Amino acid sequence: MTRAERTSDASLRLSPATRARERLVRGLLLFCAGLSVLTTFGVIAVLVGETAAFFADPAVTFREFFTSKRWTPLFADQSFGILPLLSGTFLVTAIALVVGVPLGLMSAVYLSEFAPAGRRRRVTSLLELLAGIPTVVLGYFALLFVTPLLQRVVPGLNLFNPLSAGLVMGFMILPTVSSISTDAMQAVPSSLRQAAYGLGATKVQLIFRVVLPAALSGIVASVVLAMSRAVGETMIVTLAAGQRPLFTLDPRETIATMTSFIVQAATGDQPAGSLASRSLYAVAATLFAITLLLNLVSQLVVRRYRERYE
Amino acid sequence: MSRVLGREERADPARADRPERPDMLDLGGVQARRRRTTERAFGAAVFVPVFLALALLVTLLFDVVTDSFSWQVIEPRNSGQSFSFLEGFAAFGTWENVVRLELLAQGRTQEEVDALLSDPEARRVFGARNRVELMPWVDGRPLRWFVTSIRDDGVADLPLFEGWRRRAELLAGAEPGQVVLLNAWLDLGFLAKNASRSPAMAGLLPALVGSLMLVALVIVLSVPLGVGTAVYLEEYAGDTRFARLVELNLSNLAGVPSVVYGILGLTVFVRLLGLGPVVLAGALTLTLLVVPVVVVAAREAIRAVPDSLRQAAYGLGATRSQVIARVVLPNAIAGITTGVILAVARAIGETAPLLVIGAAAFVPRPPDGPLSLFTAIPIQVYTWVSENDVEFTHVASAAIVVLLLVLGVLYSLAFYLRRRYESRW
């Protein structure tokens, strides 16, 4: 870092007023940077505090929370087993990954290995547009276009179902998978490519035996990140998958996810401090923990991949 | 295509065991041709997702736009007359002109109408219960003014294409007193009207103003924060432990689900600070959400400013803050602006955090300050879709078209800026 080694202000002969001003600017900027750290601490403090209060309630036990298959905090007969919400989230995420990962990887191979420069730019812009569509619009599309279409093909498909939500979400995560994987594939050194061609490899062989294995960690990172986005996605599932916590892996049933429960509970009139309102924080804490873990894993994988080529 | 490909792949290991003749001896060019075919098939196969993505985008736009039109058979509570575009059009006061025609058509005398229109209270009541709309097609005639009333009875509502196919049948089947019309749900009246429980009268104005206020506040709050953080990281911090902490923190914040930000906003801004679910609380929540976007873009832009410029400024005796204010930031402004535009686009479309902090579903009037209750376009879309009513889905799609148009303008601007200033150095 050459910039960091620059002569520090202190060694220059500055007037006290100038020096004070410089210090003030530095302080202000430091404050800005610090605020983002404060945000994280805020999130963690809020979640941990309210979740602790939730578990401190005699009506709730850790064991019930993680093993019971009934989630009915908003009913008179309260039961707090998060499994139905986890299974719902898992179901939608799995469908989204099944759709989004192969498509994302294929488009990454296209962008990195086949597309001419001009078209690469246009396709990238197209994918960015796709990523820029508000998720509430995608939820509308899943509920009012995809579901009626699927109901003609899939017998017994509910109006609210994780299948169409997952399908549309697959397209939502496609750009994430594609852009990070494209970067990883393009980072494969050209010496490797030339060596493979020199050995008589075809382009297809080159892709499967050189580019994909060499870019593997980047690809894995992109998939993990996409998974984290799918787990945290809210509006598509709230609109299209329903709000009925059901412990099932049947993609035709109406389900609820962690995120759709949060919206449901927050838009209802739960008095602050009630057990029902605190259950929202417990769910949010679980969600936060899962996505944080996924993000850390993806960063860890990326860091390893950086070491290999720089 | 993929099946062909699979066979090629499975054949590969066998070929590795038993090396075939090198291409030089491939006299008929059979292998070379096969290779080329495989390669082309593979190239076509990996293009499929791009095509699918494009198809999805086009289908979505098409669906939303066609859903914002519908054929309706209604039983109007007023005269049921419509007026041709020229007849009703008056350069100033078309609304008044059409209302006058409508009242006359209801059988009132000229004096009564004049008296009614000059009484502000009567005008207000009429305006709250009726809406003057320019319909593309009414009773077989194109482009006509029509006065809808809050008490009109809907008899049928058909999608754009189905209604077009069956328009003759609809006209023939309409009973006396019923009107067949093509309703364009997205019109100027939609943008100018306040919220309503009746789909025909529902407007986007409160949400539009709410979204604009949110965005204005988000820009005011997130630009200094985001750019400040970026400048600190790039120009001051170097490789300190604090800088690495901030960096790690930012990349993790970018991965936090937006609904969790909503919970932070609900707990801290709405409850702890006691703001309530007002515009300011929404803007603060969205600011936390978009600051990482601004920081990433601003850092990239600042990094792209060549060091030679900085050194030259230092050589002229500038202090560090002068270098930043007069050299670094002016040269990074295009990249920073792009980042801010993308952040704004994100903030405009964000729904979940605002729902969680409790932005109201029904706000009768536009908010009049940062401390009033509010709604935003995506929230309106959500509530209208949740109404589970076919007419409200048309209203929702009209709102989506507005939302997508706004986003389209923002993205074009961002793409333009990025391309224009991409390789300045």
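## A walk through a two-chain model

The centres of domain 1 and domain 2 of chain A, taken over C-alpha atoms, are separated by 29 Å. This is a predicted model, in which local features need pLDDT of at least 70 and side-chain atom pairs count only at pLDDT 80 or more, while totals for chains, interfaces and linings use all residues. Residues are numbered from 1 along each chain as its sequence is written, and chains are lettered from A and ligands numbered from 1 in the order in which they are written.

Let us stay with chain A for a moment. Domain 1 covers 21-56 and domain 2 covers 83-309; such bounds come from an automatic or database domain assignment. Seven residues of domain 1 of chain A are in contact with seven residues of domain 2 of chain A, where contact means that the C-beta atoms, placed from the backbone, lie within 7 Å. On the domain 1 side, the touching residues comprise five nonpolar, one polar and one charged. Here Ala, Val, Leu, Ile, Met, Phe, Trp, Tyr, Cys and Pro count as nonpolar, Asp, Glu, Lys and Arg as charged, and the others, Gly among them, as polar.

Next comes a helix pair in chain A. Helix 5 (residues 135-153) and helix 6 (residues 162-186) of chain A have axes that come within 9 Å and cross at roughly 130°. Helices (H or I, at least four residues) and strands (E, at least two) are DSSP runs, numbered from the N terminus. Axes are lines fitted to C-alpha atoms, for helices over the stretch in contact, and angles run from 0 to 180 degrees between N-to-C directions. Helix 5 of chain A and helix 6 of chain A are therefore oblique to each other; angles under 35 degrees count as roughly parallel, over 145 as roughly antiparallel, 65 to 115 as roughly perpendicular and the rest as oblique. Among the residues that meet are Phe141(A) and Leu150(A) from helix 5 of chain A, and Leu167(A) and Met172(A) from helix 6 of chain A. By class, this contact has 10 nonpolar, three polar and no charged residues.

Now for the step across to chain B. Here 73 residues of chain B are in contact with 70 residues of chain A. Helix 2 (residues 30-67) of chain B gives the most to the chain B side, with 17 residues. That side as a whole divides into 47 nonpolar, 17 polar and nine charged residues.

Chain B has a helix pair to look at as well. The axes of helix 4 (residues 94-105) and helix 5 (residues 110-118) of chain B come within 10 Å and cross at roughly 140°, which makes helix 4 of chain B oblique to helix 5 of chain B. Their contact has six nonpolar, no polar and two charged residues.

Finally, the sheet. Six strands of chain B form an open sheet in the order 2-4-3-6-1-5, with antiparallel pairing; two strands pair if DSSP finds at least two bridges between them. The edge strands are strand 2 (82-84) and strand 5 (153-159) of chain B, each pairing on one side only. From one strand to the next, the twist averages 40°. Three bridges join strand 2 to strand 4 (residues 141-149) of chain B, and Phe83(B) stands opposite Trp145(B). Strand 4 of chain B also pairs with strand 3 (residues 130-138) of chain B over eight bridges, with Met135(B) partnered by Arg144(B). These two strands form a hairpin with two residues between them, and Asp139(B) in the turn has a positive phi of about 50°.

How values were computed:
Contact = placed C-beta atoms within 7 Å.
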